[in-house]
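Biologist: Hi! Could you walk me through this model? I'd like to start with the aromatic residues.

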Amino acid sequence: MLVLFFSMAFMGNTQDLRLWNDFKNPPNDYRPVPFWHLNGTLTTSGISDQLNNAYLKDGFGGVAILPVSYRKHKDGRVFPATSPVFLSDEYFRRYREILNISKQQNRSVILYDDLDFPSGNAGFTFVEKYPELSVKQLSVLEYDVEGEKTLHQKIVLKGKLMGTVALNMKTKERIDIITFLKDSLINWTAPPGLWKVMIFFTEPPEERVVDYMNPSAVDTFLSMTYKKYDEQLSPLFGNTIKYTFSDDVGFWTFPRAWTEAMNSLFEKRTGLNALLSLPALFYNIGDNTEAIKIAFFDIRSELMSEGFNRKVAEWDAKHLLKSMIHPPGNYEPTGVGAHGDILKYYKYTQIPLMDVLSAYNNGRPGFKLISSAADLYDRSLVAAEIYGNFSRNMDSTLMYKVAMDVFARGANYLIPHGMWYNPDSMRIPPLISSYSKRIGSALPGYNNWAARSMLMLRGGSRVSEIAVMWPINTLEAWFGFENGRIKKVFNDVPPQLDYRIISDMLTGLLHRDFTYVHPEKICTDQYLIKNGKLILNNKDIKQTYSVIILPSLLVESYKTMQKLLAFYQQGGKIIATGILPDKSAEIGKDQELQDIVREIFGVDARQLPSNIHKQTNAHKGMAVFLPKAEKTELEAVLSELIPSPDLKIEAVPGLYEVTDNPLDETNTTLGMLSYIHKEKDGKQIYYFTNSTNKEVNTMVTVRGKLQINKCNPYTGKVELWENCQYFRDNNGISYTRFPLRLVAVSSLFAVSK
């Protein structure tokens, strides 16, 4: 019977036959590729034994080779370094042994670009050799001076002087007083008022790496590392070695990172004096404080992308490779002090990479940012470094939970963290290899499941009818360098911030997939307005948004709001939650922004209503203000604005208990019911995931009259989906309705024929 079914299903369609054959027996290119920490002395037999276990027993698709440094734990434990020495001739001899075995077994190797992490230390030699090209940070010495009194102070700097500014703490007047600083001594008599004298300088931070924002410095780093691999291994570039991996490239341990080009670029962009504007990074200096901070932080984000990330991507492209890279804190509430603007961060990176770190649920709302960046830049691969620093007691159930959650949020390439050459000296848990007593026996099944899932999820366009505005201007306007707040690098956000709540609410509770859109990019021709829709008009990845959601925004670009006004006037639908912006990201444009907000929503951003407020226009445009992002209200409004949705999952009674909060990132067990929909090769591909500990029995409705195959990623079995029903809704749209059963912690594909 099964043979008969397959012959009918595949009749006349060799493309389908190839797909289902690959689904049953997934090729190695789709299998997870774990980190392999080389913590010990490499030998020919050791390399062979470990790779044979990884490839033939565990079912991995390759390894990401991660050389490590010597570490000594505070409890006295010693963690050995990679031997032979990083980048030595003997090191490359061992590296070639790894490559030869991998090539023979049709596996791939990811080139990790440094010794340990973060990338950019060149085996911890860069700063010693090139201190002038290493990262610097902005620092300040401060002195309070009362009016008509003289500051007479010896100044000792550890770095390079930038300038000296006196700030009137009441009037916000700022004066350049550099001429009063001579021979390391300042003598300045203050005018009336209470003044703060700020002496700005740059100095090396405690942790030193290459200046990521300086392209010339990055070129030097590449000559010390990437060039060495090219000289030794170039014949295998593009085949056995396909990708490079850059780790934790950002500035979270030195969040005041600064580079020489910052001031001149700021002056060119804003027309303001950069030195007299620097106090805005530490204090409120008046009406333009937010816009000044946004300009500085935005420039820093662009330099981050144009520096290390672009240089590595260009080098890789010339050498038949593709770059994957992630910053520190890619999943945190804010990345302004850790890496900048996460959507701009990946502009040049061929494979956007997310870091899934520490514990289940940790940072989950932020994972959508990385897949949204991939959509923005038309990238088909989205990688996830997954399981790093999870508990030593992690089991296979948790492995599946985390993986299906990131799949539902757009990832389609897994890099488990990881294997260890010397398992007994594992420094960062968990151990993911056949040497693990907890999960070793589960790896063959897990890798088959993951490979089948990634096979289906790669390529094509994700279907997303909702765009959520990335609140980067609000994050940049809020973040500051003042004492007390800088310690909260990842969490220095306004208390009303709700974009992360909306992220998980849409994905896991309302089952309405979405994409983050960048407020700057939305103003370009990359986004078109047509028939009341906003269209992402890329070459390959295209999306059509029926609704734009504005999470709580303190600040927004008035140019962005102009585009939203045009969208609304042409029949577009907009939802705003919590707070409407009353400050412009551009200097001197607050009033213009407030006028646009009032025109769209019919309310004043400074006098918001306490109840839901709706405004419509003659072209069927609608703008809705919700005082708070709550499930019931948001669900009702979305049902009104998108009456014929792409997909609907009917409610599952009892899936979440009353006391459960599935949006709580600290809950290490509670999962979600999620989905992702992709269009690929003329097929509709729906992936349903249940990472909860309860069984799901519900009904799913998808747009279109479809014949659907049920594809089981655990077994590779493909069969017709039974009990499908067809109907038209009140708008005359055709739909297919079918039952969905998912046992606890499981996933399933529905694929149109």
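Modeller: Happy to. Tyr243 and Tyr413 are both buried, where buried means under 20% relative accessible area, exposed over 50% and partly exposed in between, with a 1.4 Å probe and protein chains only.

Biologist: Before we go on, what sort of model is this, and how are residues numbered?

Modeller: It is a predicted model, so local features need pLDDT of at least 70 and side-chain atom pairs count only at pLDDT 80 or more, while totals for chains, interfaces and linings use all residues. Residues are numbered from 1 along each chain as its sequence is written, and side-chain values use heavy atoms, with hydrogens and water left out.

Biologist: Thanks! How many aromatic pairs are there?

Modeller: The count is 47 aromatic pairs. Rings of Phe, Tyr and Trp (its six-membered ring) pair if their centres lie within 6.5 Å; planes under 30 degrees apart are stacked, over 60 edge-to-face and the rest tilted. Take Tyr226 and Trp315: they are edge-to-face, 5.1 Å centre to centre with 75 degrees between the planes.

Biologist: Where in the chain do Tyr226 and Trp315 sit?

Modeller: In distant parts: Tyr226 is in helix α7 (residues 226-233) and Trp315 in helix α10 (residues 289-318), 89 residues apart. Helices here are DSSP runs (H or I, at least four residues) and strands likewise (E, at least two), numbered from the N terminus.

Biologist: Why do you count Trp315 as buried?

Modeller: Because its relative accessibility is 14%. Tyr226 is buried as well, at 2%.

Biologist: Switching topic, what volume does the largest pocket have?

Modeller: About 690 Å³. Of its 33 lining residues, Leu509, Lys631, Glu635, Ile649 and Ala651 are the closest to its centre. On a 1 Å grid over the protein atoms alone, a pocket is an open set of points where a 1.4 Å probe fits, with protein on both sides within 12 Å along at least five of seven lines, and lining residues have an atom within 4 Å of a point. Points are joined across faces, edges and corners, and the volume is the space filled by probe spheres set on them.

Biologist: Which element gives the most to that lining?

Modeller: α19, with four residues; its range is 631-641.

Biologist: And which residues lie nearest the centre of the second largest pocket?

Modeller: Phe117, Asp248, Trp252, Asp355 and Leu357, out of 30 lining residues. The volume of the second largest pocket is about 580 Å³.
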